[in-house]
Amino acid sequence: VKRNVVRCFNVIKMNVCDTVPRCILHFFITQLVDDLEHALEQEDLVEFLKEKQDILERRKVCRAQFSALKQALPHTDEVLKKLLRMRGGSGARQQLQF
């Protein structure tokens, strides 16, 4: 009888150890969602989701830099080949050291 009571207690203990963290997490997430909904109701949602001007400008600068680098990439291969020819190497056997 004692062994069965201990087994039953262990099963209950395992159930509680498994259920309590899940319940805590559920309540934390529910509270977070409710708080976010409340905050968004008070703020203008369109203004909240609009991209900030400094981020927009930075994105434009990054796109321009990317475009410039994309155009310059073929020219770097040409310059490297010319430098290797100037050294007298074939390019495959010698490496250029900077």
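This tour moves through the structure selection by selection and states what is found at each stop.

The model is predicted, so local features need pLDDT of at least 70 and side-chain atom pairs count only at pLDDT 80 or more, while totals for chains, interfaces and linings use all residues. Residues are numbered from 1 along each chain as its sequence is written, and side-chain values use heavy atoms, with hydrogens and water left out.

**The whole chain**

Begin by displaying the protein chain as a cartoon. Three helices and zero strands are present, and from the N terminus on the elements run α-α-α. Helices (H or I, at least four residues) and strands (E, at least two) are DSSP runs, numbered from the N terminus.

Next, show the surface. The protein chain exposes about 9800 Å², of which carbon and sulfur atoms supply 62%; accessible areas come from the Shrake-Rupley method with a 1.4 Å probe, and for residues only the protein chains shown count as cover. Of the 98 residues in the protein chain, 2% are buried. Buried means under 20% relative accessible area, exposed over 50%, and partly exposed in between (1.4 Å probe, protein chains only).

**The salt bridge**

Select Arg22 and Asp18. They form a salt bridge, with the closest N and O atoms 3.7 Å apart, and the structure holds one such bridge. The term denotes a side-chain nitrogen of Lys or Arg within 4 Å of a carboxyl oxygen of Asp or Glu. Both residues lie in helix H1, four residues apart, about one turn of the helix. Arg22 counts as exposed because its relative accessibility is 59%, whereas Asp18, at 39%, counts as partly exposed.

**Two surface patches**

Patches are made of residues with over 30% relative accessible area and no salt bridge; like charges are joined within 9 Å, and nonpolar side chains (Val, Leu, Ile, Met, Phe, Trp, Tyr) within 5 Å.

Select Ile12, Val16, Val20, Ile24 and Phe28, which make a nonpolar surface patch of about 470 Å². Val20 belongs to helix H1 (residues 2-42) and is partly exposed, with a relative accessible area of 41%.

Then select Asp34, Asp35, Glu37 and Glu41, which form a negative surface patch. Glu37 is found in helix H1 and counts as partly exposed, at 44% relative accessibility.

**The cysteines**

Finally, select Cys8 and Cys17. Cys8 is partly exposed, at 44% relative accessibility, and Cys17 is exposed, at 53%. The structure holds zero disulfides, a disulfide being a pair of cysteine sulfur atoms within 2.5 Å.

Conventions: Lys and Arg count as positive and Asp and Glu as negative; His and the chain ends are not counted. The place of a charge is taken as NZ of Lys, CZ of Arg, CG of Asp or CD of Glu.
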